[in-house]
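Hi,

Here is the structure I said I would pass on. Have a look at it first, and then read my notes below.

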Amino acid sequence: MQRFRVVRQGQGVSKVHICFLAPGTYPSLVKVPGVEVAGGAEIQQARLMRMLAADGYRVSLVSSDFGQGDPCDVDGIRVVTLPDSRRCGVKGLRWITPRLTDAYAALRRLAPDWVYVRTATAYLLPAAGYCRRSGARLIHASAHDFDFMPGRNPLLTWRDEALFRWGTLGVDVHLVQNARQADLLRRRRGRDGLVMPSLHIEPGAGRARFDGPILWVATIIPWKRPELLLELARRMPDRRFVMIGGMGAAADARTYHGQIADQASRLPNLSFVGFVPPSEIGHHFDDSALLVNTSVAEGFPNTFLQAWIRGMPSVSFVQPRAAEEPSVNLACADLDAMHEMIGRLLSDEARWAAIGANCRDHVKAHHSVQALIPRYRQLLDTPRTR
């Protein structure tokens, strides 16, 4: 469990109350036995809640029921639990009531000044409704480039996408992960977004090892393209690879995960680990030389920050940029280019170490508590202007 020391000095406890409407985030805040949840959006929200609570803000969470009490407190964060809507109400309408109406009721119960919703989700709509009626302000934080790309979002059903788009009309502040998302938001919605780098804190993080394995960490779903990591392992038989990832949420997730695991088992130089809880995954980064990302698109992967803080370079097909200065990630156009880039990088230890040092400096400058808390204070403490 990550701990934050109180960073607000000489200002007392803030009266500002921010509520995270994030039903799936509780297992990233508190380890829940038997629950395999490790989404990047959930991990980011858990970190932000802890950081803001330690800084003196009133912080609350609207959560699905994972067996916690209602209400309960976690390190100063008030948690309110949504009832299980799967067997309530009228079949065919549960996707909106009681699912979304319960979320609205929870917000009224907590009465926050700010509501924070991350990802493209139907829950943005009840948040917008609450804020419009109460005078609270609404933050939407994007979690993927898909949030604003043309066409239908492949991560949402058509119903949830329609509800999400309706909810965006009530957003006061759009937080985006990278410059591309800001551009997409401006061109497609006519709104300005504030680029807010992801937060990373990991006390006791180790150091990357030049002679360690090549690491791949993601949910094993088709658009993450895990099969490309398998192909890299085939092309580089003298290199060790480690693949870490749990199942997605699609109906065929178990079948797809099993297929990838089976193919991985046939490669003698690749270790397939499967799901690893967020609290335990750092050990795998400590022992590795390089992080590979094979996704079609990303927002800003937490895995980049886990690698960089250890001085470990990352190689990917995407280039998310969250700071004014150039990204320290190494991007390439296709698998052939990635194969060549990895070969050159892991044959030159001095260059590998220099890139790794830049990575560590980048995390400290842009993704640390010290870098981000002034930006959140400026956002949350600014009075509303009419």
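**Helix α4 and its surroundings**

Helices α3 and α4 pack with their axes 9 Å apart, at an angle of about 40°. Bear in mind throughout that this is a predicted model. The crossing of α3 past α4 is right-handed. On the α3 side the contact is made by Leu 100, Ala 103, Tyr 104, Leu 107 and Arg 108, and on the α4 side by Pro 126, Ala 127, Gly 129, Tyr 130 and Arg 133. Sorted by type, the residues of this contact are seven nonpolar, one polar and two charged.

How much of α4 is covered? Most of that helix, which spans residues 124-134: eight of its eleven residues are buried. The buried ones are Leu 124, Leu 125, Pro 126, Ala 127, Ala 128, Gly 129, Tyr 130 and Cys 131. The cover over them includes α3 (99-110) along with β1 (17-21), β5 (114-118), β6 (137-141) and α5 (158-168). After α4 comes Gly 135, which has a positive phi, near 85°.

**Helix α7 and its two partners**

Next up is α7 (residues 226-235), which I looked at against two other helices. Its axis and that of α8 (residues 253-265) come within 11 Å and cross at roughly 5°. With angles under 35 degrees counting as roughly parallel, α7 is therefore roughly parallel to α8. From α7, the contact uses Pro 226, Glu 227, Leu 230 and Arg 234; from α8, it uses Tyr 256, Ile 260, Gln 263 and Ala 264. That set divides into five nonpolar residues, one polar and two charged.

By type, the residues of the α7 contact with α11 are five nonpolar, one polar and three charged.

**The nonpolar cores**

Which residues have the most contacts inside the largest nonpolar core? They are Leu 270, Val 292, Trp 308, Met 338 and Ile 342, in a core of 52 residues. The elements giving two or more residues to this core are α7, α8 and α11, plus β9 (214-217), β10 (241-244), β12 (290-293), α10 (302-308) and α12 (349-366). There is also a second, separate core of 36 residues, with Leu 29, Val 32, Tyr 57 and Val 79 among its members.

Setting aside residues up to four places away in sequence, Val 292 touches Ile 214, Leu 215, Trp 216, Leu 229, Leu 232, Val 315, Met 338 and Ile 342.

Gln 177 sits in the loop between β7 (173-176) and α6 (179-189). Is this residue buried or exposed? Its relative accessibility is 5%, so Gln 177 counts as buried. Not counting residues up to four places away in sequence, Gln 177 touches Arg 118, Ser 142, Ala 143, His 144, Val 195, Met 196, Ser 198, Gly 299, Phe 300, Arg 321 and Ala 322.

Thr 25 is another loop residue, found between β1 and α1 (26-29). With a relative accessible area of 1%, Thr 25 is buried. Apart from residues up to four places away in sequence, Thr 25 touches Glu 42, Gln 45, Ala 46 and Met 49.

Val 74, by contrast, belongs to a strand, β3 (residues 72-74). Val 74 counts as buried because its relative accessibility is 8%. Leaving aside neighbours within four places in sequence, Val 74 is in contact with Tyr 26, Leu 29, Val 30, Arg 50 and Val 79. The C-alpha atoms of Val 74 and Gln 181 are separated by 32 Å, and the two residues are 107 apart along the chain.

Cheers

Note on methods: Residues numbered from 1 in each chain as written. Predicted model: local features only at pLDDT ≥ 70, side-chain atom pairs only at ≥ 80, totals over all residues. Heavy atoms only, no water. Axes fitted to C-alpha atoms, helices over the stretch in contact; angles between N-to-C directions. Helix = DSSP H or I, 4+ residues; strand = E, 2+ residues; numbered from the N terminus. Parallel < 35°, antiparallel > 145°, perpendicular 65-115°, else oblique. Contact = heavy atoms within 4.5 Å. Nonpolar A, V, L, I, M, F, W, Y, C, P; charged D, E, K, R; others polar. Core = buried A, V, L, I, M, F, W, Y, C linked by side-chain atoms within 4.5 Å. Buried < 20%, exposed > 50% of the residue type's maximum accessible area, 1.4 Å probe, protein only. Left-handed = near helix turned anticlockwise from the far one by under 90°.
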